Amino acid sequence: MLRIELPDVPGSLGAVATALGEAGADIHAIEIVEHRSDGKAVDDVLLELPVTTMPDQLITACHRLDGVRVQWISRYNAGANLSMDLEAVEAFTAEPARALESLVDRIPETFRADWALLVTRRGGDSPLVHATPTAPERVPDIDKWFALDHAQRLSPVADWGSMVLAGAPVPKHDAVVVFGRHGGPPVLDSELARLGHIVALAASVGATV
C-alpha cells in the first residue's frame with residue numbers, strides 16, 4: 001500500500017499511475033482519501049510488486065513528479081480491497097466522448113450505491129441526461145443542486161423516499177452527477193472527496209474531445 005500526496009488537478013493521478021507502472025508496479029486499486037485546502041490530494045494505491053522491484057524504486061519514481069510525495073508505504077493484507085476508482089478512470093478514458101456517461105455507469109459499484117444519474121439544466125429545465133437502470137425515472141425540482149460548488153451530501157427528495165444522496169458539480173458544465181443509496185449507509189467525507197475528484201477528471205477527459 002502506497003499513500004501519496006499529489007497536486008489536486010486533473011492529470012496528476014494519471015501521471016502517478018504511469019510512473020508506478022514504469023517502475024514495475026501492477027496497480028490493483030486506487031482510493032482518493034482526502035482533498036486539502038492547500039490544493040493537494042491524498043490517495044491510497046494498492047499494488048503488487050515483482051520480486052525484482054524494491055519499494056524504494058516506487059518512492060523514487062513518484063518523487064520525480066512535481067508536487068508528488070510518498071507519505072507512507074507498507075505491506076497490505078492479501079485479499080483486502082479498495083474501491084476501484086482506477087477501473088472507473090480506465091472506463092471513461094477509453095471512450096472520451098462519453099466520459100461522463102461512462103462514469104455514471106460505474107459509480108454504483110465504485111461507491112457502493114444503488115444508482116447514479118447525470119442531470120443538466122437547459123432553458124431553466126432539469127432534464128435527465130443519463131442514468132443507471134434503477135435510478136428514479138423522474139427528476140423533481142432540483143435547482144439547488146446546480147448551485148453546488150463542490151461534492152456534498154444532498155437533502156432528501158420527498159418523491160424518492162428514504163434515499164441517502166450525494167452529488168458533485170461537473171466543472172464547466174451546468175450539470176451535476178448524483179448517486180443514491182436506499183436507506184444508507186451515510187456518505188463519508190472521503191467518499192465526497194473521491195466523487196468530486198473523479199467527476200472533475202471525467203469532465204476534463206470529455207472536454208478534450
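Predicted model: local features only at pLDDT ≥ 70, side-chain atom pairs only at ≥ 80, totals over all residues.
Trainee: In what order do the four strands of the open sheet lie?

Mentor: Start with strand 1, which pairs with strand 3 (residues 40-48) over six bridges and with strand 4 (residues 69-73) over four bridges. Strand 2 (26-35) and strand 4 are the edge strands, each pairing on one side only. The pairing in the sheet is antiparallel, and the order is 2-3-1-4.

Trainee: Which residue of strand 4 is the bridge partner of Arg 3?

Mentor: Arg 3 has a bridge partner in strand 3 as well, and there the partner is Asp 44. For Ile 4, the bridge partner in strand 4 is Val 70. For Arg 3, the bridge partner in strand 4 is Trp 72.

Trainee: How many of the six residues of strand 1 are buried?

Mentor: Strand 1 covers residues 2-7 and is mostly covered. Helix 2 (residues 55-63) packs on the sheet and touches strand 1, strand 3 and strand 4. The number of buried residues in strand 1 is five.

Trainee: Is Leu 46 buried or exposed?

Mentor: Leu 46 is in strand 3. Its relative accessibility is 12%, and the cut-off for buried is under 20%. Leu 46 therefore counts as buried.

Trainee: Why is the pair of Phe 111 and Phe 179 stacked?

Mentor: A search of the whole structure finds three aromatic pairs. In the pair of Phe 111 and Phe 179, the ring centres are 5.5 Å apart. Planes under 30 degrees apart count as stacked. The pair is stacked because its planes are at 25°.

Trainee: How many residues apart in sequence are the parts that this pair ties together?

Mentor: Phe 111 is buried at a relative accessible area of 1%, and Phe 179 is buried at 0%. Phe 111 lies in helix 4 and Phe 179 in strand 9, so the parts tied together are apart in sequence by 68 residues.

Trainee: What is the angle between the ring planes of Trp 115 and Trp 160?

Mentor: Trp 115 lies in strand 5 and Trp 160 in the loop between strand 7 (152-154) and strand 8. Trp 115 counts as buried at 0% relative accessibility, and Trp 160 is buried with a relative accessible area of 11%. Their rings are 5.4 Å apart, centre to centre, and the pair is edge-to-face, with an angle between the planes of 85°.

Trainee: Which residue has its backbone oxygen 2.8 Å from a side-chain polar atom of Thr 110?

Mentor: Thr 110 lies in helix 4. At 4% relative accessibility, Thr 110 counts as buried. The backbone oxygen at 2.8 Å from a polar atom of its side chain belongs to Arg 106.

How values were computed
Residues numbered from 1 in each chain as written. Heavy atoms only, no water. Buried < 20%, exposed > 50% of the residue type's maximum accessible area, 1.4 Å probe, protein only. Helix = DSSP H or I, 4+ residues; strand = E, 2+ residues; numbered from the N terminus. Pairing = 2+ DSSP bridges. Contact = heavy atoms within 4.5 Å. Axes fitted to C-alpha atoms, helices over the stretch in contact; angles between N-to-C directions. Polar contact = N/O pair within 3.5 Å; in protein donor to acceptor, adjacent residues only side chain to side chain. Phe/Tyr/Trp six-rings, centres within 6.5 Å; stacked < 30°, edge-to-face > 60°.
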